[in-house]
Amino acid sequence: MKSKRLYYINRVSEYVMQTPSLGLKIEEIAASIGVTKKTLYNYFDSKQQLLECVLDSYLKAHVERIRKRCSESSSPIAALVQLGRLVCAMHKGYKAHPAVCLGVVDEEVASRIFSDRRAGIQQLVAIIFRR
C-alpha cells in the first residue's frame, strides 16, 4: 500500500508542477493520473493531506539533491558554500510551489513541512564538518 501511495504522490506532483494555475480540484487531479476520486481518498484523508504529501515529497527530493551536490564538493568549505546556495533555492522553491501559491496548502503547514525537512540539512552540515 505504501508503494501505491508513493506512486500517487509522484504522479500528482508531476501534474501539479505542470498545471500550476488551475483550481486543483480532486476530481481533476484524479482524472489526470487515471484514477477515481475514491481511489485517492483510499490513500489520503483529504485533498489537503494529499497536497501536503506532494509538498513534502518535493522538499525531500530537494534535500537529496543538496546531499548529492555537497558530497561531490572538493572541500568542506566548497560544500558549505554550495549548501548555502542550494538551501536558499530550496526555500524559494517551496514558497513558489503551486500548492503553496494557490493557498491549497496553508502557509503555516508548509512552513512546518519545510522545518521538518530542515533536519536533514542539519545532519548534512554535521557530516560536512566531520570530513
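## Helical assignment

Helices are DSSP runs of H or I with at least four residues, numbered from the N terminus. By that definition, Ser111 is placed in helix α7, which spans residues 107-130. The model described here is a predicted one.

## Overall architecture

The protein chain contains 7 helices and 0 strands. Read from the N terminus, its elements follow the order α-α-α-α-α-α-α. Along the principal axes, the C-alpha atoms of the protein chain occupy a box of roughly 50 × 30 × 25 Å.

Of the 131 residues in the protein chain, 39% are buried.

## Surface and charge

The protein chain carries 21 positive and 12 negative side chains. The centres of these two sets of charges are 6 Å apart.

## The largest pocket

A volume of about 210 Å³ is assigned to the largest pocket. Its lining consists of Lys2, Arg5, Leu6, Ile9, Asn10, Cys53, Asp56, Ser57 and Lys60.

Two helices, α1 (2-18) and α4 (47-71), each contribute at least two residues to this lining. The greatest contribution is that of α1, which provides 5 residues.

Val100 belongs to helix α6, residues 98-101. Val100 has a relative accessible area of 8% and is therefore buried, as the cut-off for burial is under 20%. Leaving aside residues up to four places away in sequence, Val100 is in contact with Leu55, Tyr94, Lys95, Val105, Glu107 and Ala110.

Ser111, in helix α7, is partly exposed because its relative accessible area is 32%, a value that falls between the limits of 20% and 50%. Val100 and Ser111, 11 residues apart along the chain, have C-alpha atoms separated by 9.8 Å. For Ser111 and Lys95, which are 16 residues apart along the chain, the C-alpha separation is 8.9 Å. Lys95 is also one of the residues that Val100 touches.

Cys70 is located in helix α4, one of the helices that supply the lining of the largest pocket. With a relative accessible area of 1%, Cys70 is buried. The C-alpha atom of Cys70 lies 9.3 Å from that of Leu86, the two residues being 16 positions apart along the chain.

Arg85 is situated in helix α5, which comprises residues 76-96. Its relative accessibility is 59%, so Arg85 counts as exposed, the cut-off for that class being over 50%. Arg85 and Ile66 are separated by 19 residues in sequence and by 9.5 Å in space, C-alpha to C-alpha.

## Summary of the residues examined

- Cys70 is in helix α4 and is buried, at 1% relative accessible area.
- Arg85 is in helix α5 and is exposed, at 59% relative accessibility.
- Val100 is in helix α6 and is buried, at 8% relative accessible area.
- Ser111 is in helix α7 and is partly exposed, at 32% relative accessible area.

Technical notes. Residues are numbered from 1 along each chain as its sequence is written. This is a predicted model: local features need pLDDT of at least 70, side-chain atom pairs count only at pLDDT 80 or more; totals for chains, interfaces and linings use all residues. Side-chain values use heavy atoms; hydrogens and water are left out. Buried means under 20% relative accessible area, exposed over 50%, partly exposed in between (1.4 Å probe, protein chains only). Lys and Arg count as positive and Asp and Glu as negative; His and the chain ends are not counted. The place of a charge is taken as NZ of Lys, CZ of Arg, CG of Asp or CD of Glu. On a 1 Å grid over the protein atoms alone, a cavity is a set of points where a 1.4 Å probe fits but cannot get out, and a pocket is an open set with protein on both sides within 12 Å along at least five of seven lines; lining residues have an atom within 4 Å of a point. Grid points are joined across faces, edges and corners, and a volume is the space filled by probe spheres set on the points. Contact means heavy atoms within 4.5 Å.
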